[in-house]
Amino acid sequence: MWNDLPLDILAQIFSFLSPESLARANSACRHWHRCGRGYLLSIGSAAMWKHPPWFLAVPIRSLSGCCYVHNPNSDNWHALPLDFLPDPVRLISPIGGGLILLRSTSTTVHQLALCNFFTRQYKRLPKLNISRTNPATGIVMLDPSRGASFPAFRVYVAGGMSDAPRGCGTYESSLEAYDSVHERWQIIGPMPVEFAVRLTVWTPNESVCCDGMLYWMTSARAYSIMGFEIGTNNWHELSVPLADRLEFAALIRQKGRLTLVGGPCSGAVSVWELGEGEVWSLVEEMPCELGLKLLGGKANWGSTKCVGTEGVMCLYTDLGSGMVVWREMKEKGRWEWFWVEGCYSIRGKKVQNFPIRAVLLHPNLAPSPFLN
């Protein structure tokens, strides 16, 4: 019976499968493989959005030669070899369709690339118009109906240090953007020098796009947020709640709103939401027992990192110490906190613990024509 199912019906069945189940189905027989491959190429990762995103981590300094992914469906960790990458990389942001924006760490000059860790595809973006060191980087998704192959996006690069006569570096007070439709960089215009300095020196994390704005968190005590209005090219600064008391702070997007996650000294990790009039409202606090478990005996939140996407947020420190997850449970109509064990072994083989940088993404098993 299964061999006689029309491809459209079989594809509809495949749409309910998680990524790992779909991979197994593709290897069952030629008929299923042909259907599964055609299905993935036609819809990209849209089917995967029915399932929780995966946690993908890359070592910050380790030479392990692997990245590590946590599958929330089976609560398992997996190692993916990175031997196909020509350079060591740092994660910047997921884009969509299983793609991740990366920065090469083999050079101080800002060189960006795209990668799908599951299909082992990699593509360098063209060089920027202005050679920069350590600028702030942000992603804006575009309407794919513009005629480009999915995903359509724009990369913004702001500030950084540029070369100057006699070998003296200077802060680059300009903004440029890469459009995936035209595949080239364009200078957008100038920016305030003081913003360029703060984005260059005090922005360890990448941006969040919300309601036509790009936001960057600056880590200079006290914390503050730099905002860029895409339509008008205007810059302004936002205040941060408990700005001088936070030991770590990160921006994510939840429920379509800009959301701030921070851990104050002698307090629980809190979640604030930006409302009308740029007023922050406290919406949630991490349970104390999970906070103590995440700290693992440490005295402060300084080494804590946060990554989030719509419907889920993860707080972590390193690969083996575990993480705290706050997730929307749609079947229950509420959000819940829970603990996820760290990656200390894979298939019985011990994994070395080290600092990581992570993203949340929906794996896409289809080769991307954009990376060819």
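Colleague: What joins the side chains of Glu 176 and Arg 132?

Modeller: A polar contact of 3.1 Å. By that I mean two N or O atoms within 3.5 Å; within protein, one must be able to donate a hydrogen and the other to accept it, and residues adjacent in sequence count only if both atoms are side-chain atoms. Keep in mind that this is a predicted model: local features need pLDDT of at least 70, side-chain atom pairs count only at pLDDT 80 or more, and totals for chains, interfaces and linings use all residues. Side-chain values use heavy atoms, with hydrogens and water left out, and residues are numbered from 1 along each chain as its sequence is written.

Colleague: Fine. Which backbone nitrogen lies 2.9 Å from a polar atom of the Glu 176 side chain?

Modeller: That of Asn 129.

Colleague: And is Glu 176 buried or exposed?

Modeller: Glu 176 is buried, at a relative accessible area of 0%. The cut-offs are under 20% for buried and over 50% for exposed, with partly exposed in between (1.4 Å probe, protein chains only). Glu 176 sits in strand β12, residues 174-179. Helices (H or I, at least four residues) and strands (E, at least two) are DSSP runs, numbered from the N terminus.

Colleague: What does Glu 176 touch?

Modeller: Leaving out residues up to four places away in sequence, its contacts (heavy atoms within 4.5 Å) include Leu 128, Val 155, Tyr 156, Trp 185 and Ile 187. Asn 129 and Arg 132 are also among them.

Colleague: New topic: helix α5. Which of its residues are buried?

Modeller: In α5, residues 288-295, they are Leu 290, Gly 291, Leu 294 and Leu 295. Down the helix axis these buried residues fall within an arc of 135 degrees, so they line one face of α5. The arc is that of the directions from the helix axis to the C-beta atoms.

Colleague: What do the buried residues of α5 pack against?

Modeller: Strands β23, β24 and β25. On the other side of α5, Cys 288, Glu 289 and Leu 292 are exposed. After α5 comes Gly 296, with a positive phi near 55 degrees.

Colleague: Stay with Leu 295. What does it touch?

Modeller: Asn 300 and Trp 301, not counting residues up to four places away in sequence. Leu 295 counts as buried at 14% relative accessibility. Its C-alpha atom is separated by 9.3 Å from that of Tyr 316, 21 residues apart along the chain.

Colleague: Where does Thr 304 lie?

Modeller: In the loop between α5 and β22 (305-309). Thr 304 counts as buried, with 7% relative accessibility. Apart from neighbours within four places in sequence, Thr 304 is in contact with Phe 248, Leu 294, Leu 315, Tyr 316 and Thr 317.

Colleague: Now α4. Which residues are buried there?

Modeller: Phe 195, Ala 196, Leu 199 and Thr 200, in a helix that covers residues 193-201. Their arc down the axis of α4 is within 125 degrees, so they line one face of the helix.

Colleague: Last one: where is Pro 53 found?

Modeller: In the loop between α3 (30-43) and β1. Pro 53 is buried, with a relative accessible area of 11%. The C-alpha atoms of Pro 53 and Val 312 are separated by 8.2 Å, with the two residues 259 apart along the chain. Val 312 is also one of the residues that Pro 53 touches, including Pro 72, Thr 309 and Leu 360.
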